[in-house]
Amino acid sequence: MSTRTPIAFLKGHGTENDFVIVPDPENALDLPPAAVAALCDRRAGIGGDGLLHVVRSAAHPEARDMAAEAEWFMDYRNGDGSIAEMCGNGVRVFARYLQRGGHVAEGDLTVATRGGVKRVHIAKDGAVTVGMGRARLPEGDVTVSVGERSWPARNVNMGNPHAVAFVEDLAHAGTLFSPPPFSPASAYPDGVNVEFVVDRGPGHVALRVHERGSGETRSCGTGACAVAVAAARRDGVDPTVTGTPTTYTVDVPGGTLVITERPDGEIEMTGPAVIVAEGEIDSDWLETFAS
């Protein structure tokens, strides 16, 4: 029988964008890409779109310079084991774990990420708000297409590229198994996340999204932010000009997010964050994926 110390994990999701959570305050665990991919495997592992490695900023070489601003670092990994800068839905779930673990309380906190320090607010009703930064709107016309249909799209960059197309029916997006073609190719040399959007009412839209490298997903936080900005500009609203915040409700396949763009250009995303389970990883099994 193994005498190894069991490794704790939790499972959580934000609008059905789901994550394996591995608390490791002192950064003592070896989590190479193969181990992360195995943990995120939905058949042979725990299953998740990504992994949230919870580390004190002072204990991680990539976060030590942020330790004075944020005690905790979200060492985020994609489901294939690769490292990513940020994940908006992931930050909400990360904050919910910190609250559940007794590390933070309701109210304001900061979380260090590879995309910088993010400001987070945990509300009394359980909703979590994350500051997502500012949108950039590159110039130039973009077109996306599915089958015989094509639409003009708004180019929005949230630190990653998005093409936002307003359509009559979300079914027109097709299966979204493969990346929707776009033109000109020079607009997105490294590929793009494509959002198809319909109106649900004043200040209320719904989307389907093909995420670059992943196919259709249940939720995309940066995509919801890009859609809200594109909808606002389409509706003739720019908070940096009017001086008044604007808010859009964005339905994603996995739930609902509320996106507010402030007069200073900062975009805030509010949504649920749920911890659904906790348990122990078999350390002998994990050791087989050690680097």
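A residue is called buried when its relative accessible area is under 20%, exposed when it is over 50%, and partly exposed in between, using a 1.4 Å probe and protein chains only. The model is predicted: local features need pLDDT of at least 70, side-chain atom pairs count only at pLDDT 80 or more, and totals for chains, interfaces and linings use all residues. Residues are numbered from 1 along each chain as its sequence is written, and side-chain values use heavy atoms, with hydrogens and water left out. Helices (H or I, at least four residues) and strands (E, at least two) are DSSP runs numbered from the N terminus. Contact means heavy atoms within 4.5 Å.

- Helix α2 covers residues 88-100, and its 13 residues reach 19 Å from the first C-alpha to the last, close to the 18 Å expected at 1.5 Å a residue; the expected span is 1.5 Å times one less than the number of residues.
- Helix α2 is largely enclosed by the rest of the structure, because 11 of its 13 residues are buried.
- Among the buried residues of α2 are G90, R92, V93, F94 and R96.
- In helix α1 (residues 33-40), the buried residues are A35, V36, A38, L39 and C40.
- These buried residues of α1 pack against β2 (17-23), β3, β4, β18 (274-281) and α5 (283-287).

**Nonpolar cores**

- A nonpolar core is a set of buried Ala, Val, Leu, Ile, Met, Phe, Trp, Tyr and Cys residues joined through side-chain atoms within 4.5 Å.
- In the largest core, which has 49 residues, the members touching the most other members are I21, L52, F94, V120, V250 and I259.
- Helix α3 (residues 221-234) gives the most to this core, with nine residues.
- Leaving out residues up to four places away in sequence, L52 has contacts that include I21 and M74, together with G90, V93 and F94.
- A second, separate core has 16 residues, V144, A165, L170 and Y188 among them.

**Pocket and cavity**

- On a 1 Å grid over the protein atoms alone, a cavity is a set of points where a 1.4 Å probe fits but cannot get out, whereas a pocket is an open set with protein on both sides within 12 Å along at least five of seven lines; lining residues have an atom within 4 Å of a point.
- Grid points are joined across faces, edges and corners, and a volume is the space filled by probe spheres set on the points.
- The largest pocket holds about 1000 Å³ of space.
- Its lining comprises 32 residues, with N78, A84, M86, N160 and E211 nearest the centre.
- At least two lining residues of this pocket come from each of β4 (72-78), α2, β7 (128-134) and α3.
- The pocket lining has 17 polar, eight nonpolar and seven charged residues, where Ala, Val, Leu, Ile, Met, Phe, Trp, Tyr, Cys and Pro count as nonpolar, Asp, Glu, Lys and Arg as charged, and the others, Gly among them, as polar.
- One cavity of 30 Å³ or more is present in the structure, and the largest cavity has a volume of about 30 Å³.
- The largest cavity is lined by A228, V229, A232, T246, Y248, I259, T260 and E261.
- To this cavity lining, α3, β15 (246-252) and β16 (255-261) each supply at least two residues.

**Individual residues**

- H60 is in the loop between β3 (50-56) and β4 and counts as buried at 7% relative accessibility.
- Beyond four places in sequence, H60 touches N27, V55, F73, D75 and R114.
- T217, in the loop between β14 (215-216) and α3, is buried with a relative accessible area of 16%.
- R200 is in strand β12 (residues 193-201) and counts as exposed at 52% relative accessibility.
- The C-alpha atoms of R200 and D251 are separated by 9.0 Å, although the two residues are 51 residues apart along the chain.

**Backbone features**

- S183 and P184 are joined by a cis peptide bond with omega of about -5°, and P184 is in the loop between β11 (182-183) and β12.
- E16, which is not a glycine, has a positive phi of about 65°; E16 is partly exposed, with a relative accessible area of 36%.
- L176, also not a glycine, has a positive phi of about 60° and counts as buried at 3% relative accessibility.
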